[in-house]
Amino acid sequence: MNLQPYKTAGLCCLVLLLGLTPAIAQQNAQRRPRRAVLEIPEVERSEVICFALYTVHDNTLKLTAQLYPLQSGESRTVRLEIETDGNWVEVARTNVVEPGWTAPFRVENWDDTRASNYRVVHGAEATYEGVIRKNPVDKDEIVVAGFTGNSIQPAHGGDISRQDLIDNVRKVDADVLFFSGDQVYDHNKHLAAWLKFGRDFGDIIKDRPTLCLPDDHDVGQPNLWGESGKISTLSGNADGGYRQPGIYVQEVERAQTSHFPDPVDPGKIGQGIGVYFTNLNWGNIDFAILEDRKFKTGPAGRVPKQGPRPDHIRNPDYDPDSVDVDGAILLGQRQLDFLDRWAQDWRDASMKVALSQTIFCGGAHIHGSANGRLHADMDSNGWPQTGRNRALQTLRKAFAFHYAGDQHLATIFHHGIDEHRDAIWSFCVPSIANLYLRWWEPLEPGQNREPGSPEYTGDHLDGFANKVTNYAAANPEKMPAGNVLNTRSAGFGIVRLNTQTRQITMECWPRNVDVTDPSAKQYPGWPRTISQFDNYNPPSWGKLGELTFDVDSPVVQLVDRDSNEILYTVRIAGKTFVPAAPKDKTFIIKAGKDAPETIVVKDAKVGGAAQSVSLK
Amino acid sequence: MNESNPHRLPIACLRLGAFLCFAGWTWVHYYWEGPYGVLLWQDATYDLATRLGLSWDEFVGTGADDGFVQKWIARIWWLYLACTLLTITVRKTSWVQMSGLVLGSGLLTLLSYASYVAAQRQLPMFIEHGGQMLIPLILVMALALGAGHRVTVTTAVIALIMTFAGHGCYAIGFWPTPGNFYAMTTLILGVEYSTAQVLLRTAGVLDLAVCVGICIPYLRRASALYATAWGFLTAIARPVAGMSWGLNYWGADQFLHESVLRAPHFAIPLFLFLLWRKPGEKKVSQGRQGASAELH
């Protein structure tokens, strides 16, 4: 038999396979945007300190300096100095931690009633200066600038300068910076990416308390269900746990969170990974810093398959209860216990804010680049529903406002548990540069919409049948012209917390605008102002009799007389307060200057008479 | 079977490897979804669709329904199923079936390219799929040219080298070692990170040594045998590390296909090992086959 034709055909196929297919696939290679080149630059030894992050809480300063890699033979000691009467005085020194090149300082008995210039010093040459702010307890309005999703890829504008963000933070003189996650998108080179983050944002970070929550991409994976430190092997990591070794995750958390106030429950999880959930009290705002990924259960193999990925539900006819499986955890008991204590503790606090990676609902319908409709996404905090409801039940007891990111889609939601709008509000900020597009686009118009508002607002059920009420969504264009930054709904958030009026104002700004320019426009739906007390004001509730106190702004607690359950605790604004409460029940009201230590009403009911209360 | 007897076993090995590879990917496409998103959701793809006359809504869907992309991604599993069947039915004279398998190689190449793009265009990610991409071609070559033909053998060696060089580059750390390499090592062997790193580095060196050894006549049989064993172990590592009694279907629907579709990683080295058996071993094998045929 003549084999020549076979040989020729075989060789042709081989050539086609190895050469032509990738060539066809690369047909637009010349137009393919550049990828970011992420390397650690060589720096002068005088520039070896890249940036520094700090918080001050309960008279303890914690500051972490981030260094470039040191050379062999260089000192591993770093000093922290404070300017006092024109002289630099050393207040702490520490050794550089490897891997990661962080220098964590801790200074107790810190006087937070005045601002202090500081400098971090390494060797004889390298210094890095900034300002430790005074605790802004005398300010009426605390400004928190919020960011998420710091992609550096040029394809969607990630290589465009962050100078607009720096300028705007300075213009609004933000008191706190909040980076909700994905500060780093590189899954293998956190140090190099974190140093770039420091070069981009260090100028504003060095002068104000900053909170960075590591999210999935920060720890080197596309999605994260941490499952208390389990090891994940499944592509996509929906089996729960961490893809990268524990030592990598530990390095990430050292870099991003070691300057946080001490964790309230510091026990480690699997692989020696620490925890950082805690609270930061600053300017009479009590921030709960949560880790909504670390303990969360992975869905793969635990819930019935409902879509093309273990964490995606495409079938709109599925039974939402079928995925709310026993044993599935969201925040975990340790964080819930912390939140329960935090909700009742109003020392030096007028308002409460919960900070976490993402929001407590499925906050998008279309995922990817117009990539079809996804009924529900278990990467969101809408799943597991029982865990979501427990978190919201705890947070609303403190009238906590929720500030988060992750979704790549800015939204405002008022969450519901038993009825629409009976729990807290959340603001999800837009991405700094948007890697992955999402849209909030329900098929049915929302119920009870505000007059003139878009059909996507109003009361809805998310893909897990959670009750949500949308007030704004910065949906990107379907076919983005230019496909960078604002056409992809990039931007940042500002939250203004007024401790006198108890109002919370949410602002959502596109990139490259001047927020102080009166002609600058926010995304549609913003700004929106709510009251602190809107965070737990179910529509079905009534009002108890007005209470008038003889002290200013005491702490009030409402307790169900039959079950002894605490409904909520809050520091009221001023001397009068009209508590909201469920109808047809009897309540005990406790109050006190800084803690609800005194029973002031034993049998309060909706529609009851006004009362005067003495707490002196 | 119409393959000549000396090559019956090696070709059966190729058939099995190609069958499992396509079967695994059929499962991925049918039960889950092909990983094409990274290729499809690009400006260039939209432009191409527009040039082909598809409107935006037709291409991506209106949001309320699926567009061209979702519909066709959901149908691709038929092609993989067809290729799976062809690995069983293909014969030396069946041109159409051979052409189908060649096209199947193209499909697998596209998948490998998608993985490469998704991995930030890390070269080893494309290279390590060499075994999967090439096994249908090697099967066609083995049938058309003969299992021992130098083109067939050279292609099989290239496939083996691609697979092990890709793995080796990752394991040694020339490119960042994927986290799941550490994860599987730690879970299966119960070792700490530092030990896992040493083991991976060692395995990486051996991977590259195999790439060299397979080209050296005195070492090629040992190299092929080691590659068979290591290819098998790494293929089954995913279900071994990930499956659990506590999961639905013990996690089989999540992990098992990950092992099955990697069958070429051990099937191709085994094919080479069987080809390169010493004459004495071949005679024994042929004798057994003959006896078996007589009994039937």
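How much space lies in the second largest pocket? About 810 Å³ of space lies there. The model is predicted, so to speak of local features a pLDDT of at least 70 is needed, side-chain atom pairs count only at pLDDT 80 or more, and totals for chains, interfaces and linings use all residues. Residues are numbered from 1 along each chain as its sequence is written, chains are lettered from A and ligands numbered from 1 in the order in which they are written, and side-chain values use heavy atoms, with hydrogens and water left out.

## The pocket

Rolling a probe the size of a water molecule over the atoms shows where empty space is left. On a 1 Å grid over the protein atoms alone, a pocket is an open set of points where a 1.4 Å probe fits, with protein on both sides within 12 Å along at least five of seven lines; lining residues have an atom within 4 Å of a point. Grid points are joined across faces, edges and corners, and a volume is the space filled by probe spheres set on the points.

The second largest pocket is lined by 44 residues, and the closest to its centre are Arg314(A), Pro316(A), Arg373(A), Leu374(A) and His375(A). Two or more lining residues come from each of β16 (376-377) and β22 (458-461) of chain A, and from each of α1 (8-31) and α5 (68-75) of chain B. Here helices (H or I, at least four residues) and strands (E, at least two) are DSSP runs, numbered from the N terminus. By class, the lining has 19 nonpolar, 15 polar and 10 charged residues. Ala, Val, Leu, Ile, Met, Phe, Trp, Tyr, Cys and Pro count as nonpolar, Asp, Glu, Lys and Arg as charged, and the others, Gly among them, as polar.

## Sheets of chain A

Strands of a sheet pair through backbone hydrogen bonds, either parallel or antiparallel. Two strands pair if DSSP finds at least two bridges between them.

Another open sheet has three strands in the order β1-β2-β5 (chain A), with antiparallel pairing. Its edge strands are β1 (49-57) and β5 (102-107).

| Strands | Bridges | Opposite residues |
|---|---|---|
| β2(A) and β5(A) | six bridges | Leu61(A) and Val107(A) |
| β22(A) and β23(A) | four bridges | Asp459(A) and Thr469(A) |
| β29(A) and β30(A) | five bridges | Leu558(A) and Tyr568(A) |
| β29(A) and β33(A) | six bridges | Val555(A) and Gly592(A) |

## Strand β29

Why is β29(A) described as largely enclosed by the rest of the structure? Six of the six residues of this strand (555-560) are buried, where buried means under 20% relative accessible area (1.4 Å probe, protein chains only). In a regular strand the side chains alternate between the two faces of the sheet. Val555(A), Gln557(A) and Val559(A) are buried on one side of β29(A), and Val556(A), Leu558(A) and Asp560(A) on the other. The hairpin of β29(A) and β30(A) has five residues between the strands, and Asn564(A) takes a positive phi near 65° there.

## Cysteines

A disulfide is a covalent bond between the sulfur atoms of two cysteines. Cys13(B) is buried at 8% relative accessibility, and Cys21(B) at 0%.

Technical notes
Buried means under 20% relative accessible area, exposed over 50%, partly exposed in between (1.4 Å probe, protein chains only).
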